[in-house]
Structures are given as C-alpha cells and as structure tokens.
Amino acid sequence: MPHARLRVISYAGAMREDLSTRLILDAAAALSAGRLVAFPTETVYGLGADAGDGRAVAAIYEAKGRPSFNPLIAHVADVRDAVALGVFDPRATALAEAFWPGPLTLVVPAARDCAVHELARAGLPTVAVRVPSHPVARALLAAFGRPVVAPSANRSGRVSPTRAEHVAADLGDRVGVILDGGPTEIGVESTVLMCLPGEPVRLLRPGGITREAAEAVLGEAVAERPDAVLAPGMTAQHYAPRAAVRLEAHEVAADEAWLGFGPAAPLGGRGLAHLNLSPTGDLADAAANLFAYLRELDALDPVSIAVAPIPAGGLGEAINDRLRRAAAR
Ligand code: TXA
Ligand code: MG
C-alpha cells in the first residue's frame, strides 16, 4: 500500500490563523508527490489527488473501491482557474458567477488542453469543475496551484463523510494526509448541473444549491438528467448504509433505529436508538446532520433505520434523494 502512513492534522483550531502555514504546504507537497490528501469542503470531505497525475487518480479509485468509469470533480481555487478547464457558455458563466465559490459543480465540454487527466474524466468529453468556499480547501488549492480531483472521501457505497473522523474510519490506512477542519457546514454534496451546447441545463445531482436558486439565475427551468450513463455515480447503491432503510415511517419497532425530523415523536416507543435530523424542522440542519446520523445509527446494527417523512421542497429534494438511494437495494 503506497499511502500507508496516516497523519491526522487537526486544523479546526487554526481556522482563523494564517492558512498558508506549514500544514497546508505539507499537504500541497503530498499532492505533488502523488499522494492522496483528504480535505474539508463546505459540503463533505473530499479525497484529493493531483488532477494531472494519472497514478494518483487511480489511487483514488483504488482507495474508494469505486468503479473506474465514475468521473471525478476537479476543484480549483478561483473562477479564472475553473474556466480554463472547459468551455463555459453564457449559462455556465452566469451560474459560476452566482454560486462560486460554493456548493455547485458544473459539467461542461472539456477544454482541448484540459489539465484534468482523462482517467479522472472517465474518458468523457466533458469535465466537472467546482470552486469550493471552505477556507481550508481554498488554502490548499491556492498552495497547490493546479486542479485537485476529489470525490467524497468515503469507500464506494458508504455515506459521504462530514467529519475528519469519518474519513479516518473509512479510508484511514489509504490516505497520506487528512486535514481536519471540523464538521462540514452543508453536509450534502454539491449540486451538479450540466451545461452542454444545444441542450437545456440539466440537474445531474441535487445538492447544496437548490434547483429554485439555479433557475432564478438562469431565468429558465432546469431539465432532468438524460439517463444513468452520463452520471454513473448516481447508481441506486451509492449512498446505502449497511442497515435497511425504511422511508416515510411514522412508527418505530423495538429492533429498529429511528431517524426523526421535526417535533413529532414516533409511535411505538423509541426503538434501539433515536436521533432527530432537526427537532425544529429546519432542512438546512437536517442536511448537515444527515450522513453523520445515518452512520451513527447504522453502527448500532439495527434491523432497519426508520426515517420520518421529510418535506420535498428546497434542500428537501437533496435529502430525500440521498434517503431514497440509501433505501434502494
Ligand atoms: O460536494 C461535492 O461535490 C464533493 C466534494 C468533495 O467536492 N464531491 C463529490 O464527488 O461528491 P463525487 O465523486 O462523490 O461525486 C461526483 C459526481 C458523481 O455523481 C459523478 O458521476 C458526477 O459528479 N460527474 C463528475 N464528472 C462528470 C461528468 N463529466 N459528467 C457527468 N457527471 C459527472
Ligand atoms: Mg460520493
């Protein structure tokens, strides 16, 4: 295993200090040396590699146990670096200006001299680009100076990590450096929008930017994704915990775990365990808690996780999407 040494760097206490410190430079040097660096973004933790280094990219797929046809997102420090990677039409430019830095990924035609290795693009003629807003991610990208491809830093099929400890538990022996920036703020992945010539803008994955917000910038409706082949990461198994997941539940059995939302208590007692995504019914809180709470309940090995109904609008679309994937098997 080439990346056997694990170094957990606690960065939470240093967030307001100089981010171009030794720790960031060490992590950037690890990327340059072809090693994997896990880092916090505002959505979830990413497992980063030098986007131009095919071996490093391969190490990501190896570490994740992810099917190699699954394309990765290239992360860059600012909008200027992003537009160099692909062909941005006026719609993509408007979305970039409105939401970057932030939890939006744009899939656009790859530039002829695109610096993102083909393996990371899964051989596709397109490239997925994002400018994250998290200060540690931005400091790392600025120090490295080139694109960093990063899927969520979990083993394939497991829930995405929202804390450094999740990364260490899933991938600890496979990653060179883990930058610990504390719990992530948004808690679901970036929204993936595809802007291809002659086609409507398509929503490939709901996430931290709502469909409504994107449509307000575009002045037109966002279309659905065309089919599963264009977004192979969207397989039904992608977000599954080990336990079965029972959706739209109003009651909990003694051998189940309960994942609640809002003030209502479940019928039939409290089950094996009881967590509430947001007792006040706040969807942003629920999104921030979702993956950590699924993990926590899954670790108790319940017969199933019974999940209360979650409202459909706004961030509820992303939350329900993740829950449906978790329930599919
Ligand atoms: O919030 C996020 O986006 C996190 C953080 C770390 O930035 N990253 C993340 O990456 O969720 P990943 O690899 O778990 O998900 C990337 C998604 C997948 O659904 C993948 O199929 C899609 O983006 N994707 C990437 N490149 C694509 C492309 N060229 N065409 C279509 N879909 C693409
Ligand atoms: Mg993922």
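# Chatting through a predicted model

Colleague: Leaving aside its neighbours within four places in sequence, which residues is Asp-170 in contact with?
Modeller: Those partners are Ala-153, Asn-154, Arg-155, Arg-158 and Arg-295. Contact here means heavy atoms within 4.5 Å.

Colleague: Before I go on, what kind of model is this?
Modeller: This is a predicted model, where local features need pLDDT of at least 70, side-chain atom pairs count only at pLDDT 80 or more, and totals for chains, interfaces and linings use all residues. Residues are numbered from 1 along each chain as its sequence is written, chains are lettered from A and ligands numbered from 1 in the order in which they are written, and side-chain values use heavy atoms, with hydrogens and water left out.

Colleague: Got it. Back to Asp-170: where is it found?
Modeller: Asp-170 belongs to helix H6, which covers residues 164-171. Helices (H or I, at least four residues) and strands (E, at least two) are DSSP runs, numbered from the N terminus.

Colleague: And is Asp-170 buried or exposed?
Modeller: Asp-170 is buried, since its relative accessible area is 10%. Buried means under 20% relative accessible area, exposed means over 50%, and partly exposed is in between (1.4 Å probe, protein chains only).

Colleague: What lies 2.9 Å from a polar atom of its side chain?
Modeller: That is the backbone nitrogen of Arg-155. A polar contact is a pair of N or O atoms within 3.5 Å; within protein, one must be able to donate a hydrogen and the other to accept it, and residues adjacent in sequence count only if both atoms are side-chain atoms.

Colleague: Which residues are linked with Asp-170 in a network of salt bridges?
Modeller: Arg-158 and Arg-295 join Asp-170 in that network. A salt bridge is a side-chain nitrogen of Lys or Arg within 4 Å of a carboxyl oxygen of Asp or Glu. Side chains of opposite charge can pair when their charged atoms come close.

Colleague: How many salt bridges does that rule give?
Modeller: The count comes to 14. One of them joins the side chains of Asp-50 and Arg-146, at 2.8 Å from N to O. Asp-50 is in strand S3 (residues 45-50) and Arg-146 in the loop between helix H5 (135-144) and strand S7 (148-149), so this pair ties together parts 96 residues apart in sequence.

Colleague: How accessible is Asp-50, and what about Arg-146?
Modeller: Asp-50 is buried at 7% relative accessible area, while Arg-146 is partly exposed at 40%.

Colleague: What does Arg-246 meet in a salt bridge?
Modeller: Its partner is Glu-256, at 2.8 Å from N to O. Arg-246 sits in strand S12 and Glu-256 in the loop between S12 and S13, so the pair connects parts 10 residues apart in sequence. Arg-246 is partly exposed at 27%, and Glu-256 is buried at 5%.

Colleague: You mentioned S12. Which strands make up its sheet?
Modeller: The order in this open sheet of four strands is S12-S15-S13-S14, with parallel pairing. The edge strands, S12 (244-246) and S14 (273-276), each pair on one side only. Two strands pair if DSSP finds at least two bridges between them.

Colleague: How many bridges do S13 and S14 have?
Modeller: Strand S13 (residues 257-260) pairs with S14 over four bridges, in the parallel sense. Within that region, Gly-260 stands opposite Asn-276 of S14.

Colleague: Switching to H2: how many of its residues are buried?
Modeller: Eight of the 11 residues in helix H2 (residues 54-64) are buried, so the helix is largely enclosed by the rest of the structure. Among the buried ones are Val-57, Ile-60 and Tyr-61. The elements covering them include S3, S7 and H6.

Colleague: What caps the N-terminal end of H2?
Modeller: Asp-53 does, with a side-chain oxygen 3.1 Å from the backbone nitrogen of Arg-55. Just after H2, Gly-65 takes a positive phi of about 65 degrees.

Colleague: Last one: what does the pLDDT average over the chain?
Modeller: The average is 87, and 88% of the residues score at least 70; pLDDT is the predictor's confidence in each residue, from 0 to 100. Over residues 1-6 the pLDDT is below 50, and this stretch has 19 contacts in the model beyond near neighbours in sequence. Residues 229-239 are also below 50, with 30 such contacts. Where pLDDT is low, the predicted coordinates should not be read in detail.
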